[in-house]
Amino acid sequence: MNEGITNHSAVCAETPEALSRRRFLEKLSLGLAGFCATIVGLPLIGFVIAPLFRKVPDQWVTLGKVGDFQVGKTVTVTVIDSSPLPWAGITAKNTVWLRRESDTTFIAFSANCTHLGCPVRWMEGAELFMCPCHGGVYYKDGNVAAGPPPRPLVRYNVRIEDGEVKMNSVVVPITTTL
Amino acid sequence: VKRLFKAAWLWLDDRIGISVLLKPAKHIAPQDAKWWYVFGTATMISFIVQVVSGVALAFSYIPSSSQAYETLLFITNDAPFGNFLRGLHYYGASAMILMIGAHMAQTFLFGAYKFPREMTWSTGILLLAFTLGMGFTGQLLRWDQTAAWSVVVAAEQAGRVPLIGDWLAHFILGGNTIGGATLSRFFAIHVFVLPGIMFVFIGLHVWLVMRHGISEPPTAGKPVNPETYRKEYQELLDKSGRPFWPDLAWRDMIFCTGLILAIVLLAFFIGPPALDKPPDPSVLEADPRPDWYLLWYFALLALIPAQIEGYLMILMPVLIGIGLLIIPVLNNKGERAASRRPWAIAVVLLSVITIGSLWVVGQQSPWSPNFAAPPLTAKVIRATSGPVFEGGQLFHDKACLSCHLIQGYGGRRGPDLTYVGDKLTRDNIVIRIVNGGGNMPAFGSSLKPQELDALVAFLESRKRPIRPRDQSPTPRN
């Protein structure tokens, strides 16, 4: 068997023609491997990152009738993702903090702390939003009162239409400080 | 019959090459590689426990945002051995992280990362990173309230990466919010992507251990010289080497048996972490905390100054990772013995103390408000009516108690105010409440004058009780 290998090696002598042919075959094989990887890989990558490019319709969601909210009060309102995937279940739900400032002014705050996204809670007596994770505190207008949050609570667009308070799509606000 | 079995075995062995496959286990290793050398095998055994228990869990787990929690309830409460299996997977993960830490510390202290084992160390560091990644993604698959909010925290952290942060954050969330696409991608990463990469790197790591041999225990005064090391190592093996299997491996087997026993007993008697509430993002009464192996990092994020946090959050892990990867490039020769490398001992001790301290602080989380603090009783307030009593009640209602302690009740975010009346004058108390300062919000706009008066009266009353001895007249000279 070893003899056979030796004989075979002798046949594959490294003549210039053989070397040139071998180099061509090498490049051909590697090129084909690259081609195969590309035609399989590109759709695969596209599939994995597709959610990034999924267009969420910019819909206005009704939070309630204007009369449902008292002036000076801050309450939670649950909203449903405007186009959830069918298997999202309860994860399609979201909550915003809605504050009625005056008869015609509403503020909808994101419930995510701008530090690291934890859910802030409204402390009615203190008129403060507090974060359970790293101790971020915000005033009733969303401005930072204490702790590590780098910026005020994010506000969503709100409008009053046909006696109803509406806001546009809920997103998790991502803080990009760098 | 025996002859028949032997013939069958010989046929199979000839065709498949089982003996050849197992031959590396009998590689010659230094005979002094004893109990300090068991942690690598223990890490691999923990990984095998994870693979086996993970595959079993996957028989019932549905990686769907709407159903995962229900299947976890089923696994925990109804499936035979389900609770045990979850425990096995949890304590297996804990064991793997502990063992990889011990293996890394031993390798570092023994200088085993030096020539020619630089890449063995580097592949090990990558395996550490993958293991932590497995730990984090695994916690998220426990698809409860904590897991769902932890995804948001992860996305926010990724958001701080320069230039591609926003993109990364949305990739983690699987869109603009937590939803149907969130859990399945973590499932794919935890069950296919990371384990696949880990199989490759474990193979590479073990191959490198075989290629360069198990390092001999260091001897003070015998530095590594890349020009002569390989020859000296071969001479050592020729002189006193022993086949790893079974001459040295029995210690690994004993240690790993103890480890498996510990994992099994913990899984059986203590069980897995309890499931939190369902992953409903509209429920804001949540207090997300990472599992114990990342709790130190959670604490770090609360303690680093806000001004540099954005940089540290991303740069620090990157720098630590790069630092660990290039250690053998910067220092691949010279003394290996820890007694001749006091800085190596200092680095390990400092790392253990830092991570340990942060872990302890993370457990206590004094920076988090105490939302569950009950109202102060009349006994603690030391009044049953009047401004002091009303102030004591307001101290709770205005959430002061969430951050301050009064006689052991309340939060620990701010100073203990049990005896604040001894330290601050009335004016100082008023100024502090109205204007805030330091890390305290200003309450000037949210307090009515009478509320402020009552609060100040309460705080002024917080003085140390006067003991009889203090009342005795001062002796005259």
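**A hairpin and its surroundings**

A: In this predicted model, strand 3 and strand 4 of chain A form a hairpin, with five residues between them. The two strands, residues 93-100 in strand 3 and residues 106-110 in strand 4, run antiparallel and are joined by five bridges. Within this pairing, Trp97(A) stands opposite Phe109(A) of strand 4.

Strand 3 of chain A also pairs with strand 2, residues 74-80, again in the antiparallel sense and over seven bridges. Here Ile80(A) is the residue that stands opposite Lys93(A) of strand 3.

The sulfur atoms of Cys118(A) and Cys133(A) are 2.0 Å apart, and the count over all chains comes to one disulfide. The torsion about the S-S bond of this pair is about -90 degrees, so the disulfide is left-handed, and both Cys118(A) and Cys133(A) are buried.

Two further cysteines, Cys131(A) and Cys113(A), have sulfur atoms 3.9 Å apart, and Cys113(A) holds the cysteine sulfur closest to that of Cys131(A); because a disulfide requires sulfur atoms within 2.5 Å, this separation is too far for a bond. Cys131(A) counts as buried at 3% relative accessibility, whereas Cys36(A), at 42%, counts as partly exposed.

Another group of strands in chain A is an open sheet of three strands in the order 1-11-10, with antiparallel pairing. Strand 1 (60-65) and strand 10 (158-161) stand at its edges, each with a single partner strand, so one side of each is left without a neighbour in the sheet. From one strand to the next, the twist averages 35 degrees. Strand 1 pairs with strand 11, residues 164-168, in the antiparallel sense over five bridges, and Val61(A) stands opposite Met167(A) of strand 11.

Methods:
Residues numbered from 1 in each chain as written. Chains lettered and ligands numbered in written order. Predicted model: local features only at pLDDT ≥ 70, side-chain atom pairs only at ≥ 80, totals over all residues. Heavy atoms only, no water. Pairing = 2+ DSSP bridges. Helix = DSSP H or I, 4+ residues; strand = E, 2+ residues; numbered from the N terminus. Axes fitted to C-alpha atoms, helices over the stretch in contact; angles between N-to-C directions. Buried < 20%, exposed > 50% of the residue type's maximum accessible area, 1.4 Å probe, protein only.
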